[in-house]
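Student: Could we go through this structure together? I would like to begin with one residue and then look at the wider fold.

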Amino acid sequence: MDFVYNANPSRVIFGAGSRAKVAEELDRLGIERAIVISTPDQSGLAAEIAKAIGGRAGIMYPGAVQHAPVEVTESALMAVSSVRADGCLAIGGGSTTGLSKAIAYRTDLPQLVIPTTFAGSEMTPILGQTEAGRKTTVSDPKILPETVIYDPELTVTMPSFISGPSGMNAIAHSVEALYAKDRNPIISMMAEASIRALGGALPTLMDDPSNLHAHSEALYGAWLAGVCLGAVGMAIHHKICHTLGGTFNLNHADIHALMIPYTSAYNRDAAPEAMASIARALGTVDGPTGIYQLTQRAASKRSLAEMGLTEADLDTAADIALQNPYYNPRPVTREGVRDMLQAAFEGRAP
């Protein structure tokens, strides 16, 4: 019981229909002309919300893409400057939130984020951005969104091939929080509760994508996962996923969903308390096995080969993953990482 706990200062509004409070929350933040950010696919929803807030929507920017490429951020900053926007309203998943955070990092503009997936990144002061084929991360208080509105009615429209990987992405945050170097009892409690909520909700969503109760549970779990991600350090899983996503431009949620059984198994013997928490949350004997079984239900891609990688790519990824390594409870070796990637390439049980 020797730890340090810092709570990030963010405001959360949670509940079905809570998107109706957007104008009120913009007022609280003092935002009069927002840049309204979305991906092209979410532009219809963003336009609907922009219409509801009237003149506060200073400019629409439906150009967010995954991994927050620096060139996209620079384009968005030009849009901010064109109308002298004084805040960001981000509506969408991790790609949209990432662009909003990239803008805030460079301008310190306040952010109101409305997630439509289970990414969890809206609760963190961390930005992952890509430049010249390499994804790097930076942490700064300016990156943390000031207010987040969680409305499960907005995640109901997600098809299962998106909601499943998105939920597994959130679980990955909570798994790594359990064996983080700076873990603490509060975050560990949240992490286990997050895995339990998501582990219970995702199978239901695979069978019944419109189940509002399951979406509420999954969104609650994702919120907790995001708090965990923002409060403690991550380990080999996030290093591997940043390597694979940034270098080979793989879908962010799909790669997290695929890799988390293998990265957790890599740490199985080095983090027994974390493995016990995972097993309790999922109602299984072995934590990584339980995650693998959940992945088989929820993931859209079940091997790196299915994602289009070659065995030569695995060698490249293993080399990059050892550069500037993150803390990990088990020492990170090239042989160990390469073996892990081979198992994921084949899609076999870890």
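**Contacts, sheet and pocket**

Tutor: S163 is in contact (heavy atoms within 4.5 Å) with F118, M158, L202, L205 and M206, leaving aside neighbours within four places in sequence. This is a predicted model, in which local features need pLDDT of at least 70, side-chain atom pairs count only at pLDDT 80 or more, and totals for chains, interfaces and linings use all residues. Residues are numbered from 1 along each chain as its sequence is written, and side-chain values use heavy atoms, with hydrogens and water left out.

Student: Where is S163 found? And is S163 buried or exposed?

Tutor: S163 is found in helix α5, residues 160-178; helices (H or I, at least four residues) and strands (E, at least two) are DSSP runs, numbered from the N terminus. S163 counts as buried, at 1% relative accessibility. Buried means under 20% relative accessible area, exposed over 50%, and partly exposed in between, with a 1.4 Å probe and protein chains only.

Student: What about V148, which residues does V148 touch?

Tutor: Not counting residues up to four places away in sequence, V148 touches R11, V12, I13, V113, P115, E122 and M123. V148 belongs to strand β8, residues 147-150, and is buried with a relative accessible area of 0%. Although V148 and R11 are 137 residues apart along the chain, their C-alpha atoms are separated by 6.3 Å.

Student: What is the strand order in the open sheet?

Tutor: The order of its 6 strands is β1-β8-β5-β4-β2-β3, with parallel pairing; two strands pair if DSSP finds at least two bridges between them. β1 (11-14) and β3 (57-61) each have a single partner strand, so one side of each is left without a neighbour in the sheet.

Student: How many bridges join β4 and β5?

Tutor: β4 (residues 87-92) and β5 (residues 111-115) pair over 5 bridges. Within that pairing, C88 has Q111 of β5 as its bridge partner.

Student: Changing topic, what volume does the second largest pocket have?

Tutor: Its volume is about 250 Å³, meaning the space filled by probe spheres set on grid points joined across faces, edges and corners. On a 1 Å grid over the protein atoms alone, a pocket is an open set of points where a 1.4 Å probe fits, with protein on both sides within 12 Å along at least five of seven lines; lining residues have an atom within 4 Å of a point. Of the 17 lining residues, the closest to the centre are L178, R183, S188, E273 and A274.

Student: Which element gives the most to that lining?

Tutor: α10 does, with 5 residues.
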